[in-house]
Amino acid sequence: MSEQRYNPSRLLSRTLPDVLNPRFFKALLIVVGIGCSIAIYGLINSYLDQSETGPEATSPSANTQTTPPVFLPKMVRLPADPLAASNPTEAEAQISSGDTLSAVLDRMGVSNEEAFRSITALRKVYDPRSLKKGDTVTISLSSDATDDGNGRLLGLQVAKSFDRIAGVALTLSGDFEAYEIVKSLTVSRGRGRGNIKTSLFEDGIKEGIPTRVMGAFIRLFSFDIDFQRDIKPGDKFDVLFDQYVDYDGSVVQAGDILYASLTTGKRTISLYRHEFSDGQSSYFNDQGRSNRKALLKTPIDGARISSGFGRRKHPILGYSKMHAGVDFAAPSGTPIRAAGDGVVKRSGWNGGYGRYVRIRHNSIYQTAYAHMRRIAKGIRPGVRVQQGQVIGYVGSSGRSTGPHLHYEILKQGKQVNPRKVNFQSAEKLAGDDLKRFNLFRNNIDNFIKASGQTG
Ligand SMILES: [Zn+2]
C-alpha cells in the first residue's frame, strides 16, 4: 500500500539502475538526453552497421517507475567515432565549501570551453549553485588527449536529490544534452523501538532510527509530553516509518512516520499518519483525534526546564519575585518554535526581556519568548506564523544569567502556568476521512501485532 504513495518524476521518469555506477554511466552517455532520446537513438543506429534494438530496449518516454532496472541493449556498443571509440575514464570530485562547478571541472582537467558548454546545458535540469559541500561530481573523459593533454569531456553527473540524478552527455552532434534520471526506488517500512535508558533521542538513534525520523518523532509528541518531567527510564517508544530503498537494497532516505507510539508510565499515546485527499497529512490518535493542540508546551526541541512557574528568589535581583513563565535551558543558538499558529504582536528589544517576540494565537491566548540571541528573519509585527515555525534563537539578552528561553503563556493578557493550560485536541476526523483512517489504523495495528508488540 505504501508503495503506491511514492510517485516520482512527472518530468522524465526513465527507470534505470543507479547510473552513478560507472558501468552504466558510460552506456548512458550515448543514449540519454531530455526529449531527444529518439533522435539520438536514430543517430546511433545510423552510425551502427547493425541496428539492434532488443525488446528490452528502453522506451524513451517510458513512465515506468515500478519496472525493474532496465539494462541497456546491445546497440550501446560504441560507434566508430573517435570520441566514442576511446575508452572513457571516470573521475569523481567532492565539492568543498565555497566551491563552484566550474572550479571543480577545472581541477579535473576539463577545458574552460567544455566546462562552459556543459554547465550551460546542465542548467536545463539543475541549478549548479545548489551544489553543497560534500556533494559528488562524476565526470567522464575520453582517453584520447586533446591539445591541452587532457581527455575530452564526455559527460558529467550530480545527485540532484536522494532519488534524482542530473547530468549532461556529449552527443554525436557534438552538443551537450541534459538529462534527469529518477532512480528506481521502492518504499519499504522501517521500524525502531526500545526502552528509554538515557534520553529518548539517543536511545532511538541507538536502535537504528534515522536522525530525521527521531526529530519528527519528538516533535509529534511535544504537544502531549513534557520531555523533562514525563519521561522516565524504562518508558517505551515504537516508530514505523517509510524508507526509500535502492535497487540493490540499500536505504537511500528515510521518509515519513506512519505510526509512533510512546509509553510513559502507564500511559500510552499512539499516533497514526493520515493523508487527506488534498495530499496534506497530519497525525491522529487511535480515536481519530489530532495530536495538534492549540499551543506547544515545549517550544524548543528536547529542552530542559531550568526554572518553573511561580514565586522564586530572582537570580539577579536577589529578592523573591513571581516568575511569570517557564525557563528552558538550551545552548545559545537553539531554534525557538512558535507554540501555535498566530500573528506576531511584538518583535524586538523589550527591557529586561531582551530580544522578545510575542504571538497572538486567538482572542484568549498569546505566547511570549524572551532573551533571544537573535530573532528569526521576517518575524515582524503583523506577520502570520505557523505552529512549529522557527521564530528566533536561544540567547542571553536582557536581564539573564545565561542562555535560556523564558517562555510565557498569556491568557487574556495575564501570564498563566503553561503546565496548567489544558487544551482540547484541535481536530477530530469524520466521515470519509475517518473511514480511511480506521482502515489504515487497522492495517498498522495488524502489522505491529504480526511483527511483535511494543517493547
Ligand atoms: Zn524566566
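**View 1. Helix α5 and its buried residues.** In helix α5, which spans residues 112–122, the residues E114, S118, A121 and L122 are buried (20 or more other C-beta atoms lie within 10 Å of a buried residue's own, 12 or fewer for an exposed one, and partly exposed is in between, with C-beta atoms placed from the backbone). These four sit on the same side of α5 because they cover an arc of only 100° around the axis, the arc being taken from the directions from the helix axis to the C-beta atoms. Look to the other side of α5 and you'll find N112 and E113, both exposed. The cover over the buried residues includes β4 (151–161), β5 (164–170) and β6 (176–183). Helices here are DSSP runs of H or I with at least four residues, strands are runs of E with at least two, and both are numbered from the N terminus.

A quick note before moving on: residues are numbered from 1 along each chain as its sequence is written. The model is predicted, so local features need pLDDT of at least 70 and side-chain atom pairs count only at pLDDT 80 or more, while totals for chains, interfaces and linings use all residues.

**View 2. The largest nonpolar core.** This core has 56 residues, and F217, V239, I257 and Y369 touch the most other members. A nonpolar core means buried Ala, Val, Leu, Ile, Met, Phe, Trp, Tyr and Cys residues joined through C-beta atoms within 7 Å. It lies between domain 2 (186–285) and domain 3 (304–420), because both give residues to it; the domain bounds come from an automatic or database assignment. Leaving out residues up to four places away in sequence, I257 touches V213, A216, F217, L220, V239, F241 and R273, where a contact means C-beta atoms, placed from the backbone, within 7 Å. There's also a second, separate core of 25 residues, including A121, L122, L154 and V182.

View 3. Most residues other than glycine have a negative phi. H371 isn't a glycine, yet its phi is positive, about 65°. You'll find H371 in strand β19 (residues 365–375), and it is buried, with 26 other C-beta atoms within 10 Å. Q412, also not a glycine, has a positive phi near 50°. Its place is the loop between β22 (404–411) and β23 (414–416), and with 9 C-beta neighbours inside 10 Å, Q412 counts as exposed.

**View 4. Helix α8 and what follows.** The 20 residues of α8 (431–450) reach 29 Å from first C-alpha to last, close to the expected 28 Å, which is 1.5 Å times one less than the number of residues. After α8 comes G452, with a positive phi near 105°.

Definitions and conventions
Two residues are in contact if their C-beta atoms, placed from the backbone, lie within 7 Å.
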